[in-house]
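I want to look up a few residues and some helix packing, and jot down what turns up.

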Amino acid sequence: MMDLKDKIAIVTGAAQGIGKVIALGLAKCGADIAVSDINEVSLNEAVKEIETLGRKAIAVKMDVSSLKDCEAMVKKTVETFGRIDLLVNNAGITRDTVLLRMKEEQWDQVIQVNLKGTFNCTKAVIRSMFKQKSGKIINISSVTGAMGNAGQANYASSKAAVMGFTKSIAREYAHCGITVNAVAPGFIKTAMTDAIPDKDRDAMISLIPAKRLGFPEDVADTVCFLASDMANYITGQVIHVNGGMYM
Ligand code: NAP
């Protein structure tokens, strides 16, 4: 297990799904967590689970697409814990449909949350990391950003852009001890993939050399590694966690 003892982390979209498993994984390694999400009910549940692990946690209800909300989240985290060592930009949405049917608002919503949300949170946190001359930023992208996917032009564009953003910010701040990396999950077993009919899920699995879906823990373990001192010389990278479906 990675050593993140007493590190302070913000995880967005952490009330459920992959983000929650990332927050719990970081807490198991010793980090205290600002758990942020737009969904307040599940947020408080996630905070309780982290506290059960013996770590401190606060719930921050916010919308990553609002820069003001992101700034308030950073302020509350610093007021509570004194500093921020790690930001995990995990909040993300899909609004899938083919281009012929895609409405302008479906394009805008996905870009606003997945890309602008990543910009907003990173912008809000970078000054304090710059001043302390250390920090780690981990952006959750997707295999779709590298491969493309029919019916996901908005989502794939946002996740490809997150890769470009990651590399640019990595170049800007490498000289002051800040690393910026992306994790690109493949097909991960979540409520979303559970809802897919068996036949379609089997077709997805047949594309994966590992012949199984990934678990949220596979993503969380990679985030914990990148968040640790073991990864201090890794920056500007996209780490694919996909059982080999894209290489
Ligand atoms: P999820 O279960 O839908 O969880 C995402 C969380 O983010 C939800 O609690 C959601 O709240 C919250 N959220 C949505 N919009 C937000 C906003 N504007 N501000 C703050 N929080 C917001 O999704 P997931 O499957 O765990 O995915 C997590 C990340 O992994 C996403 O970036 C996704 O693109 C990426 N990813 C997932 C997979 C996969 O197979 N699941 C594969 C590759 C990449 P609501 O539920 O209330 O909207």
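**Entry 1: a strand residue**

Which residues is H240 in contact with, once its neighbours within four places in sequence are left aside? I looked it up and got A146, A184 and Y246. Before going on, a reminder to myself: this is a predicted model. H240 sits in strand β7, which covers residues 238-241. Its relative accessible area comes out at 30%, so I put H240 down as partly exposed. I also checked H240 against E40, which is 200 residues away along the chain. The C-alpha atoms of that pair are separated by 30 Å.

**Entry 2: a serine in a loop**

Next I went to S142, in the loop between β5 and α5 (143-147). Is S142 buried or exposed? I find a relative accessibility of 6%, so S142 counts as buried; the cut-off for that is under 20%. Then I listed what S142 touches, skipping neighbours within four places in sequence: Y155, K159, M163, V183, A184 and P185.

**Entry 3: a threonine in a helix**

T77 was next on my list, and I found it in helix α3, residues 67-81. The relative accessible area of T77 is 0%, so T77 is buried. What does T77 touch, not counting residues up to four places away in sequence? My list reads I8, I10, A34, I58, G82, R83 and I84.

**Entry 4: α3 against α4**

While in α3, I looked at how this helix packs with α4. The two pack at an angle of about 40°, and their axes are 8 Å apart. That angle makes α3 oblique to α4. I noted the crossing of α3 and α4 as right-handed. On the α3 side I have L67, C70, E71, M73 and V74, and these meet N120, C121, K123, A124 and V125 in α4. Sorting the residues of this contact by class, I get seven nonpolar, one polar and two charged.

**Entry 5: α1 and its partners**

I then turned to α1, residues 17-28, and began with α9, residues 216-227. At what angle do α1 and α9 pack? I get about 45°, with the axes 8 Å apart. So α1 is oblique to α9. The crossing in which α1 passes α9 is right-handed. From α1 the contact takes in I18, V21, I22, G25 and L26. From α9 I wrote down P216, E217, V219, A220, V223, C224 and A227. By class, the contact of α1 with α9 has 10 nonpolar residues, one polar and one charged.

The other partner I checked was α2, residues 40-52. Here α1 and α2 pack at an angle of about 20°, with axes 9 Å apart. Because of that angle, I list α1 as roughly parallel to α2; angles under 35 degrees count that way. The crossing of α1 and α2 is right-handed as well. Which residues of α1 meet α2? I found K20, A23, L24 and A27, and they meet A46, E49 and I50.

Last, I looked up backbone phi angles. D6 has a positive phi of about 65°, although D6 is not a glycine. D6 lies in the segment before β1 (8-12). With a relative accessibility of 45%, D6 counts as partly exposed.

Where is K133 placed? I found K133 in the loop between α4 (104-132) and β5 (135-140). K133 is not a glycine either, and its phi is positive, near 60°. The relative accessible area of K133 is 46%, so K133 goes down as partly exposed.

Notes
Residues numbered from 1 in each chain as written. Predicted model: local features only at pLDDT ≥ 70, side-chain atom pairs only at ≥ 80, totals over all residues. Heavy atoms only, no water. Helix = DSSP H or I, 4+ residues; strand = E, 2+ residues; numbered from the N terminus. Buried < 20%, exposed > 50% of the residue type's maximum accessible area, 1.4 Å probe, protein only. Axes fitted to C-alpha atoms, helices over the stretch in contact; angles between N-to-C directions. Parallel < 35°, antiparallel > 145°, perpendicular 65-115°, else oblique. Left-handed = near helix turned anticlockwise from the far one by under 90°. Contact = heavy atoms within 4.5 Å. Nonpolar A, V, L, I, M, F, W, Y, C, P; charged D, E, K, R; others polar.
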